[in-house]
Amino acid sequence: MSFPRAVAFLWVASWLNRIRRQLARLRKPRYLLGALVGAAYFYSVFFRRMDFRGPVGGASEGLRLFAELSLIGSALGALFAAWVLGRDRPSLTFSETEVVQLFPAPVSRRALLQYKLVRGLLGTTVGALFATLFLGRAISPHPVLFFAGACLALGTLYLHSTAAAFVRTRLTARGTWGLVIRWGGVTAVLGLVAFAVLSSLQAHPVPENLTSGRALRVWLQSLMASPGVGAVLWPGRLLVAPALAQSVREFLAALPPVLVLMGAHYVWVLLAEVPFEETAVVRAESRSRERLLRASGRMARVGSMTLSKPPFRLLARGRPEVAILWKNLIARKRMGGGFAVFLVFIVLGGAIAALMGDARLFTDTRRVLGPVALVLAVTLTVVGPSAFRMDLRMDLPKLDLLRALPLTGRQVVRAQLAASGLAVATFQLTLLAVALVLGPGVEAPRLGGWWWPGGLALAFLLPAVSLAGLFVQNAAVVLFPAWVPADTGERARGLEAMGQRLLALVGTLVVTLVGLIPASLVALLVGIPLSPFLGPWSLPVAGLAAAGVLVGEVALGVIGLGHAFERLDLSEDRPE
Amino acid sequence: MDSVLRVEGLEKTYGEVKAVQGLSFEVAPGEVLGLVGPNGAGKTSTLRCMAGILPPSSGRVHVAGHDLTQAPVDAKRALAFLPDEPRFFEYLTVWEHLNFTARLYGVEDWEERGRALLEEMELSGKEKSLPGELSRGMKQKLSIACGFLHSPKLILLDEPLTGLDPIGIRRMKASLRRRAEEGAALVLSSHLLPLVEELCHRLLVIAGGKAVALGSLEDIRARLSGVEGEHASLEELFVRITSAGAQPP
């Protein structure tokens with residue numbers, strides 16, 4: 001059997017086996033239900049919005065301009081990344097299985113390269129399919145044309161980055177001269193781009209009064225039509241023209257240059273080819289290690305784990321479960337995750353405010369920072385239990401290790417919850433402190449005397465609600481391991497897995513909300529009678545009572561979950 | 001002398017599959033019991049049940065006088081389980097793993113013991129390494145160091161020499177022998193029959209989840225009648241016993 005036929009056999013057989021296995025799984029009700037929910041979701045989100053009957057009218061001019069600029073920007077960004085970012089080595093990636101199976105096989109390097117290119121182009125086709133599902137309908141009246149155009153554009157960019165990596169490897173091998181040639185070329189191109197953009201900006205300066213979206217659009221269109229910026233955008237425009245075509249005629253007109261460009265890139269890759277086996281082996285091993293690390297924690301960042309100091313000194317004497325708390329706090333420090341999410345919140349919040357042109361962000365920090373911090377603290381109550389996962393969700397893949405520890409199930413569950421709970425509460429209380437101290441405070445006319453009592457009530461409530469959310473999510477992985485898998489780094493794929501995840505998400509939300517009902521009732525029963533006497537200060541008392549109920553519920557739940565953890569037998573489907 | 005490990009009628013089933021069926025045996029302090037059997041015989045399931053990792057389907061396991069089902073924490077405090085594939089927390093260093101273990105088992109002089117164990121396992125200088133930076137053999141040694149830190153009365157080992165180099169193997173054998181001499185009971189599962197023959201006082205041969213032979217090598221030889229049995233190597237005995245055990249009744 002020739003290599004191409006063997007590869008075709010491998011892909012077809014793998015695909016058929018996967019489909020067969022997924023169909024076999026549907027015999028179990030939980031997978032069937034998951035598949036039905038997943039299919040319904042997929043249909044409602046994607047296919048219902050797609051109209052394959054033909055063009056129904058194009059998108060608005062503003063949206064088209066935005067889409068065109070985004071696509072051109074992405075294409076030019078990919079070109080920039082191919083030449084400037086990353087390491088100077090072949091970019092081809094092989095899995096460890098591919099390395100073991102294909103590298104010793106009687107196959108030439110050229111055949112391996114062709115194999116990888118076809119595989120890469122198949123990957124870009126899947127990318128184009130998703131782009132069509134998410135964006136196609138909004139941008140183009142012809143999703144099929146958009147898909148075909150996106151396939152060509154992404155495929156050409158893939159070939160370009162592969163060829164660029166080969167050329168960079170060759171230039172690096174030449175030593176200093178190679179580096180001079182590469183960086184000289186990059187600098188010259190960037191210089192020309194900067195010159196072209198600046199000269200266009202001189203001819204079409206930013207209008208002083210950009211009050212409306214229309215004015216912005218008109219200015220952008222004139223800038224893009226200018227010779228300088230037009231020349232810079234030309235390669236990107238050429239590439240995305242078929243995807244943005246509004247009619248079959250436009251598509252056919254835009255097609256030949258892209259086909260020629262893609263063909264030229266293919267020839268360039270073959271001509272620029274360098275030995276890639278050594279790099280491929282290193283990358284395959286590194287990816288394998290990465291997968292193993294991810295299996296121990298969803299947010300693990302391989303190679304960037306810094307050995308920060310433990311949060312506290314762990315003495316040999318004392319409650320043994322504190323060791324688990326200590327370990328999980330170390331995991332949080334070393335694997336980031338939570339803090340990174342927090343920073344993303346801050347940066348995104350600032351960016352959105354700036355984009356909305358809210359100048360108050362820079363002039364009246366008291367009126368903006370306080371509410372932003374408050375919104376973030378409340379958002380963290382909902383998002384925190386999913387973002388901070390240094391608990392059973394992280395450790396359950398190591399159930400063997402946990403079960404061998406001399407701890408009761410209750411001790412394990414309690415310590416696991418404590419780490420995530422402490423981390424979320426610390427962020428929440430910090431944000432609340434920022435909100436209370438930097439916010440408008442009692443001077444605000446509508447807040448007045450409610451400012452501090454309300455803040456104190458939230459300080460009691462928010463960490464307790466997060467703890468309840470964390471408990472529900474941890475309980476789900478212990479009680480329903482088939483529905484809510486722990487963080488193994490390898491997410492189950494397929495429609496049924498997506499449906500299961502959706503059902504599990506809805507289930508955890510419902511349980512959390514049901515758990516909040518007794519706490520809300522107690523808060524009302526405590527707060528209403530006290531309000532005539534304490535006024536606004538009845539709020540923190542009610543908040544404290546509600547938090548007490550929630551913590552009590554979690555404490556009771558921990559007892560039950562501890563028993564469930566001791567009985568948990570993940571080996572049922574895994575005979576020796 | 002009271003046994004450190006007493007197993008009575010241990011059974012483990014996975015759905016329809018009976019992995020372990022009615023195992024009963026005892027291991028005395030200072031004794032090394034070899035657990036041998038063909039692939040899929042139920043050795044790892046047996047070890048995992050004895051370590052408190054898998055709940056037995058029926059039967060009892062007593063470790064140092066504590067029932068593993070009734071008093072799991074006390075029983076687990078007295079044992080160490082060293083799996084064939086060492087598992088670690090990837091974000092803790094070698095030294096932090098020892099610290100973690102020390103707190104769990106309340107080992108107050110853990111720093112002194114830890115240093116000695118790292119020296120013994122040739123891991124000195126690797127204190128600040130993460131598990132991902134260690135070779136397969138070093139991981140095995142770290143697992144053993146963590147297991148030995150609290151001086152367990154019962155040590156359960158599943159293929160303990162996997163990944164070790166010849167010097168490491170020699171050191172490990174000496175180390176296991178010393179632990180046994182100090183009074184620990186060892187249950188050692190391995191396919192390396194020369195190792196089993198060299199270290200173990202008694203053998204438990206399992207096939208199809210059932211015990212097909214239990215006793216010293218001499219006892220088992222004697223049980224096999226004829227001249228062939230008297231001079232047979234452990235490998236020959238193993239083949240003969242397990243082949244017979246695998247026969248349908």
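Val322(A), Ala323(A) and Lys327(A) of helix α12(A) meet Phe100(B), Arg103(B) and Leu104(B) of helix α3(B), where two residues are in contact if their C-beta atoms, placed from the backbone, lie within 7 Å. By class, this contact of α12(A) with α3(B) has four nonpolar, no polar and two charged residues; Ala, Val, Leu, Ile, Met, Phe, Trp, Tyr, Cys and Pro count as nonpolar, Asp, Glu, Lys and Arg as charged, and the others, Gly among them, as polar.

This is a predicted model, in which local features need pLDDT of at least 70 and side-chain atom pairs count only at pLDDT 80 or more, while totals for chains, interfaces and linings use all residues. Residues are numbered from 1 along each chain as its sequence is written, and chains are lettered from A and ligands numbered from 1 in the order in which they are written.

Helices (H or I, at least four residues) and strands (E, at least two) are DSSP runs, numbered from the N terminus. Axes are lines fitted to C-alpha atoms, for helices over the stretch in contact, and angles run from 0 to 180 degrees between N-to-C directions. Two helix pairs are set out in the table.

| Helix pair | Angle | Axis distance |
|---|---|---|
| α12 (residues 322-335) of chain A and α3 (residues 94-105) of chain B | about 155° | 8 Å |
| α9 (residues 227-244) of chain A and α10 (residues 248-272) of chain A | about 135° | 8 Å |

Its angle therefore makes α9(A) oblique to α10(A), whereas α12(A) and α3(B) are roughly antiparallel to each other; angles under 35 degrees count as roughly parallel, over 145 as roughly antiparallel, 65 to 115 as roughly perpendicular and the rest as oblique.

In the pair within chain A, Leu238(A), Leu239(A), Ala241(A) and Pro242(A) of α9(A) meet residues of α10(A) that include Phe251(A), Leu255(A) and Leu261(A).

The contact between the chains takes 33 residues from chain A and 38 residues from chain B. On the side of chain A that touches chain B, the elements giving two or more residues are α11 (277-295), α12 and α17 (399-403) of chain A, and the largest share, seven residues, comes from α12(A). The residues of that side divide into 19 nonpolar, three polar and 11 charged.

Chain B holds an open sheet of four strands in the order β2-β1-β4-β5, with antiparallel pairing; two strands pair if DSSP finds at least two bridges between them. Its edge strands are β2 (17-27) and β5 (66-67) of chain B, each of which pairs on one side only. Strands β1 (residues 5-14) and β4 (residues 58-63) of chain B pair in the antiparallel sense over five bridges, and Arg6(B) stands opposite His62(B) in β4(B). Helix α1 (residues 43-50) of chain B packs on this sheet, touching β1, β2 and β4 of chain B, and its direction makes about 120° with that of β1(B).

Strand β3 (residues 32-36) of chain B is mostly covered, five of its five residues being buried; a residue is buried if 20 or more other C-beta atoms lie within 10 Å of its own, exposed if 12 or fewer, and partly exposed in between, with C-beta atoms placed from the backbone. Val32(B), Gly34(B) and Val36(B) on one side and Leu33(B) and Leu35(B) on the other are all buried, and both faces of β3(B) are covered. Four bridges join β3(B) in parallel to β8 (residues 185-189) of chain B, where Leu35(B) stands opposite Ser189(B). Four bridges also join β3(B) in parallel to β9 (residues 202-207) of chain B, in which Arg202(B) is the bridge partner of Leu33(B).
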